[in-house]
Amino acid sequence: MLSTLDRWFHISARGSTIPREIIAGLTVFGAMAYIVAVNPSILSEAGLDRHDMVMTTIAGAVAGTLLMALWARLPIALAPAMSSNVLFAQVVVQQAHVNPRTAFTVVLFSGLCFTALSLSQIRQRIIRGFPPSIVLGIQVALGAFIARIGLTTGGIAVPTAQGLTFGSLSDPSVLLSLAGVLLCAVLVVLRVPAGLLLAISTLTVAGLFIHTDKGAITTLPAHALDWPHYPTNLFLPFDFAGFFSHLGLLIPITLYFLISDFFDATATMMSVAHRAGLDGTPEKPALDHRAFASDGAASIIGASLGTCTVSAYVESLAGVEAGGRTGLSALVVALLFAVSSVFWPLITAIPAIATAPVLVLVGLNMLGSLHRVADNPSDAIPPLTMLLIAGVTGNFMLSLSCGLLLYTGLALVLRDFKRLTPIVLGLDVAFLFYMVLQSHMGG
């Protein structure tokens, strides 16, 4: 059986081992288990039952990650996307007063377009068409983005009206987060096996004994088990009549879902593959039609199961840093999500502070690509701008849009027209359209 696993997932060929892949899967799950609690909380604002949303969240994560693990065989985990769930609940349902079933239909049509692009050669051409400086910008901007998530969720950086400020050192949770960053750094430097997973476990246990004004940082649930039941009323929860009767309102929202999820997921997959050393060759890229189709189909599956768009998670990078190189690590994540359908009350006891330092270290490791920034200002300014915008605003898509538009503007000023390929110009149009839609949606 072990030899079969090795051959199927190309574990030895990619310089990994089965224990390392298992540890990577555990690390990724530990870093993204919060979605089991957070996604239902957000979607409940749309009038959906919170417990039902726990089950659909888990079902979407299991189905999407299994696709990526067993077909594409890549160390990429999928789950309902955080950007999509906020848009679904707060903008589409609450602000636009769209029925949840009609909103699920929006997600479905966005996913169908997403999958069509993924099955064609368009998505691969777009990836090959990204200028090298923008590809570098994606990597460092995602690094700044994920580090920012870690800093803010750990309370080390606190958003205010004036921007981010440093958290209060009188707050025990901030001190635990800082200690967690130090612990993660020491474990990484010492190359301790399963170091990031060990850090998550240590901080979770420590949180049991450290109290804030709100009580212990780690709070154990009243019961560890909850027998799962899938809400069958949310299977294929579509209202096509409602969608087609409000086309003027819903087509722009559908396009917003499509553009946001398409480029966000594509950038995440590119960065995970690059960090894992799975760039492949132009003739045989690691991100082939199977990877893109898995990601695209997951978005349809998510809508069909009664949750928002299921997409690639940037926390997959934590698994790569832990040594994950194959779909076996993603398979472990999928199995753990399946198990969480029973143990989800216990799993959601993992506090955000326990995973925040891991995200900070993963982000810092990605910023190591900064040494590749060119000396030429026209090539250096776009990726550095992307890094700055992602780190300050926490909006990766905005950083990508600004970086590419800046790249185009510099090429025009310098009359370096060979840089303005059809792909680049097409991306400029798409991102300009995205920015217009975002401004109208209060994004």
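The model on view is a predicted one. A disulfide is a covalent bond between the sulfur atoms of two cysteines. Here the cut-off for such a pair is a sulfur separation within 2.5 Å. A search of the whole structure returns 0 disulfides.

Next, select Cys184. Is Cys184 buried or exposed? With a relative accessibility of 1%, Cys184 counts as buried.

**Two histidines in loops**

Move to His10, which is placed in the loop between helix H1 (2-9) and helix H2 (18-32). The phi angle of His10 is near 55 degrees, a positive value in a residue that is not glycine. His10 is partly exposed, because its relative accessible area is 35%.

Then select His97, found in the loop between helix H5 (82-95) and helix H6 (100-119). His97 also has a positive phi, about 60 degrees, although it is not a glycine. With 67% relative accessibility, His97 counts as exposed.

Colour H5 and H6 separately. Two packed helices are described by the angle between their axes and the distance between the axes. The axes of H5 and H6 come within 10 Å and cross at roughly 120 degrees. These two helices are therefore oblique to each other, and H5 passes H6 in a right-handed crossing. To see the contact, show the side chains of Phe88, Val92 and Val93 on H5, together with Pro100, Ala103, Phe104 and Val107 on H6. By class, this contact of H5 with H6 has 7 nonpolar residues, no polar and no charged ones.

Finally, select helix H8 (residues 132-153) and helix H18 (residues 396-413), whose axes come within 10 Å and cross at roughly 155 degrees. On H8, the contact is made by Ser133, Ile134, Ile138, Ala141, Leu142 and Phe145; on H18, by Phe396, Ser399, Leu400, Gly403, Leu404 and Tyr407. By class, the contact of H8 with H18 has 9 nonpolar, 3 polar and no charged residues.

Conventions:
Residues are numbered from 1 along each chain as its sequence is written. This is a predicted model: local features need pLDDT of at least 70, side-chain atom pairs count only at pLDDT 80 or more; totals for chains, interfaces and linings use all residues. Side-chain values use heavy atoms; hydrogens and water are left out. Helices (H or I, at least four residues) and strands (E, at least two) are DSSP runs, numbered from the N terminus. Buried means under 20% relative accessible area, exposed over 50%, partly exposed in between (1.4 Å probe, protein chains only). Axes are lines fitted to C-alpha atoms, for helices over the stretch in contact, and angles run from 0 to 180 degrees between N-to-C directions. Angles under 35 degrees count as roughly parallel, over 145 as roughly antiparallel, 65 to 115 as roughly perpendicular and the rest as oblique. A crossing is left-handed if the near helix is turned anticlockwise from the far one by less than a right angle, and right-handed if clockwise. Contact means heavy atoms within 4.5 Å. Ala, Val, Leu, Ile, Met, Phe, Trp, Tyr, Cys and Pro count as nonpolar, Asp, Glu, Lys and Arg as charged, and the others, Gly among them, as polar.
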